[in-house]
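Dear colleague,

Please find below the structure that I am handing over to you, followed by an account of what was found in it.

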Amino acid sequence: MTKILLLSGFLGSGKTTLMLKLAGELQRRGNSVSLITNDQGNNLVDTGYAAAAGFDTREITGGCFCCKFPDLLSTLSSIAEVQQPDYVIAEAVGSCTDLNATVIQPLLLYHSDLMQIAGFWALADGFRFSFAGEYTNLALEQPVLPLEVLVSHQISESAVVLLTKCDLLTAEEQQAGLDRIRRLNPNAEIAACSAKTGEGLKELAERLRRGGGSGSGRGMGIPPHPIPLNYDVYAEAEAEYGWYNGSWNLKAAEGETINPANAAAAVLDVLQEELNTVRNNGVFPIAHAKIQVITAEGSIKTGIAGGHFQAPDVMELPGNVVLQMVVNIRAAFEPEILSLTVREKVLMKLLESFPDAAVSEYSEQILTPSRPEPTYRIY
Ligand SMILES: Nc1nc2c(ncn2[C@@H]2O[C@H](COP(=O)(O)OP(=O)(O)OP(=O)(O)O)[C@@H](O)[C@H]2O)c(=O)[nH]1
Ligand SMILES: [Mg+2]
């Protein structure tokens with residue numbers, strides 16, 4: 001029977017990167033893998049990126065797994081019938097929590113014949129959780145602010161919590177991050193990992209193989225009791241973020257090419273300057289801004305997570321005449337502001353940086369996540 005791993009964790013914590021690396025590790029071990037991405041909107045960097053990496057990738061758009069549970073079920077059924085992979089890895093929307101009550105428990109109770117649950121892992125961004133990280137001033141241990149309630153619940157509700165991006169941390173910072181997670185979830189299995197260097201990946205693949213219990217799927221890695229959550233506060237936390245998903249083509253001037261990494265950097269520089277002034281609580285307005293630049297020869301992905309520019313995943317993608325740019329921004333602004341910033345500032349910067357270039361086929365979707373209304377809530 002196909003096994004499913006559900007990944008949660010706040011926006012930009014490293015879910016997609018880990019999902020792809022883990023899928024690669026599983027394939028090296030002779031296992032087949034399908035992936036599911038999820039978002040409130042469409043035109044997703046994550047889906048394009050996962051598909052470009054060569055994996056069978058489905059997406060559930062227009063809402064999170066919990067509110068689109070019937071869509072999740074039909075996607076799982078179709079994968080189970082058609083691909084019949086050994087594993088499915090599903091990445092939840094980063095601003096989503098309560099997935100144990102709304103996704104894991106319904107799957108276990110009503111659909112255990114479909115797939116075996118092999119794990120429900122929460123990711124904690126190493127950069128934000130560690131000593132002197134972005135979340136230093138957040139009272140995650142005694143949450144009051146909506147964002148504190150959301151992030152704290154994500155970490156508390158999983159039985160396996162991973163501190164990500166450890167390649168960026170000193171040994172002391174890593175320990176501080178792990179200690180913080182331990183305080184938030186004393187019973188969890190906790191590990192540090194880096195999808196960039198591969199640290200901890202083999203152990204995670206092994207952990208996944210052991211993960212599912214027999215029959216019902218209830219086993220190690222699945223906490224039996226979901227943690228109750230105040231949905232008014234949860235909805236408030238989600239509504240703090242505006243969502244922008246856009247794409248366009250950038251065509252170089254006659255006889256020229258544009259370097260994809262330079263084009264991506266121009267976009268991110270503007271977003272950083274226009275939107276990312278740190279707030280009183282130490283948290284940056286941009287939760288995650290990600291960009292995929294696609295050419296006929298491949299694609300690169302880069303972004304800003306919290307206050308930090310993220311290194312492009314591919315160092316060298318040759319310049320090209322036409323670049324397709326897909327940009328997804330989740331930031332603490334009205335979505336209209338995000339749209340204006342892109343249309344008025346970002347596009348202007350691109351046209352300044354690459355004289356006589358032209359932008360075409362612009363499209364965008366903006367939204368603020370609506371109140372979560374899960375199909376099931378089982379405590
Ligand atoms: N240095 C380093 N960077 C990482 C690592 N994992 C992820 N990143 C970077 O962090 C950024 C966010 O990673 P994603 O995998 O897109 O995060 P996500 O949780 O899927 O983000 P959302 O889907 O927006 O919630 C990307 O730019 C990654 O390149 C890591 O292990 N080390
Ligand atoms: Mg992602």
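Which residues come nearest to ligand 1? In this predicted model, they are Lys15, Thr16, Thr17, Gly94 and Gln310, out of 24 residues around the ligand. The shell is made up of 13 polar, 7 charged and 4 nonpolar residues. Both domain 1 (3-235) and domain 2 (241-367) contribute to the shell, with at least three residues each.

At least three of the core residues come from domain 1 (3-235), and at least three from domain 2 (241-367).

Apart from neighbours within four places in sequence, Leu271 is in contact with Asn276, Ile286, Ala289, Ile304, Ile329 and Val346.

Val270 was also examined. Val270 belongs to helix H10 (residues 260-275). Is Val270 buried or exposed? Val270 is classed as buried because 20 C-beta neighbours lie inside 10 Å. With neighbours within four places in sequence left aside, the contacts of Val270 are Lys345, Val346 and Lys349. Between Val270 and Trp248, the C-alpha to C-alpha separation is 16 Å in space, and the two residues are 22 residues apart in sequence.

Yours sincerely

How values were computed
Residues numbered from 1 in each chain as written. Chains lettered and ligands numbered in written order. Predicted model: local features only at pLDDT ≥ 70, side-chain atom pairs only at ≥ 80, totals over all residues. Domains from an automatic or database assignment. Contact = placed C-beta atoms within 7 Å. Near = placed C-beta within 6 Å. Nonpolar A, V, L, I, M, F, W, Y, C, P; charged D, E, K, R; others polar. Helix = DSSP H or I, 4+ residues; strand = E, 2+ residues; numbered from the N terminus. Buried ≥ 20, exposed ≤ 12 C-beta atoms within 10 Å, placed from the backbone.
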